[in-house]
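Below are my notes on the model, as numbered points. Please read them alongside the coordinates.

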Amino acid sequence: LDRDQSHDSRELVSALTAGGYFDVVERAQRDADLADALDHGRAALALAIPAGYARDLAGGQATVQLLFDGTNSNQATISKGNAERIVQEVALARAARGRAPALELRSRAWYNPDLASRNYNVPAVIGLLLSLVCQLLTALAVVREREIGTLEQLAVSPLRPIELILGKTIPFALIALVDLVLITGMALLWFRVPFRGSPLLLLGATLLFVACALGNGLLISTISKTQQEAFLSAFLAYMPMVLLSGFMFPVASMPQIFQWITLANPMRHFLVIVRGVFLKGVTPLDVAPELGALALFALVVLGLATRRFHRAE
């Protein structure tokens, strides 16, 4: 947001973007535009240059405002350090030209003012544990039934296939919901992570994500003949999901090709929702693309798993 529209203000923006650390993704017309871009994740950093910036700079002291999205504490910390360094370099360059270095940087991180890593990482543990529990236990339970021969007996019983699948998945879905309550309780009571959103939105997103994980578990069970094979296959699928979810490394820092690949990872979309619910208080409209992606993944994976499960019988 450049209210000054002067040579000096453009020089500051150019300095911030010249190093390759920052790109201008939007130009705002008012303060509310900055808040909207940060709220919806379109920007990680907002720069506000007040009117009269060039005049104040010439007079000996000028201020600009930097706002950071603190939900990603690692990204915000790195961005803050780079921005401060660049502003200082601009000030030193002005001094070298015989002009007083009169820039004062005041930065502020939104949603996570202290940039506490626990506020960013603890909510994401929900996605990791739910995926592991649902995917691994479902695969092991179905393969165990096949190993001891009871799956064939159930297949010729009056049970319909859908009833058989529900019987194998609902118990683990209930375990996942219990885990959700336990982890959320620990996050709020022990780690003091703020919770600003809707519990119903968190529950709805969790049900969609659990459906994806259960579908993955059923798929693994259809290609595994032993529990050991199912165990290894589940972890073979689980680890790339974690690495490409944004839990360990910010998606924005990954190579472009991997950023595209993460779009096919349900955990990536679920973590966006979970962190948004805890730290930003997002509404369903704010995370509609992520909710739609989870619903699509659930339908596709469960449909494919059900078809293969019938063939495996």
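1. Lys 225 sits in the loop that connects helix 9 to helix 10; helices (H or I, at least four residues) are DSSP runs, as are strands (E, at least two), and numbering starts at the N terminus. Its relative accessible area of 65% makes Lys 225 exposed, where buried means under 20%, exposed over 50% and partly exposed in between (1.4 Å probe, protein chains only). Apart from neighbours within four places in sequence, Lys 225 is in contact (heavy atoms within 4.5 Å) with Val 143 and Glu 147. From the C-alpha atom of Lys 225 to that of Ala 264, 39 residues apart along the chain, the separation is 27 Å.

2. This is a predicted model, in which local features need pLDDT of at least 70 and side-chain atom pairs count only at pLDDT 80 or more, while totals for chains, interfaces and linings use all residues. Residues are numbered from 1 along each chain as its sequence is written, and side-chain values use heavy atoms, with hydrogens and water left out.

3. The axes of helix 9 and helix 12 are 10 Å apart and meet at an angle of about 165°; axes are lines fitted to C-alpha atoms, for helices over the stretch in contact, and angles run from 0 to 180 degrees between N-to-C directions. Helix 9 is therefore roughly antiparallel to helix 12 (over 145 degrees; under 35 is roughly parallel, 65 to 115 roughly perpendicular, the rest oblique). Residues making the contact include Leu 201, Ala 205 and Phe 209 of helix 9, and Phe 270, Val 274 and Phe 278 of helix 12.

4. Five aromatic pairs are found in a search of the whole structure. Rings of Phe, Tyr and Trp (its six-membered ring) pair if their centres lie within 6.5 Å; planes under 30 degrees apart are stacked, over 60 edge-to-face and the rest tilted. Phe 195 and Phe 278 are edge-to-face, because their planes are at 80°, with ring centres 4.9 Å apart. Phe 195 is in the loop between helix 8 and helix 9 and Phe 278 is in helix 12, so the pair ties together parts 83 residues apart in sequence. Phe 278 is buried at 0% relative accessible area, whereas Phe 195 is partly exposed at 27%.

5. Phe 235 and Tyr 238 are also an edge-to-face pair, 6.1 Å centre to centre with 80° between the planes. Both lie in helix 10, three residues apart, about one turn of the helix. Phe 235 is partly exposed at 30%, and Tyr 238 is buried at 8%. Ring pairs join Phe 231 to these two residues in a cluster.
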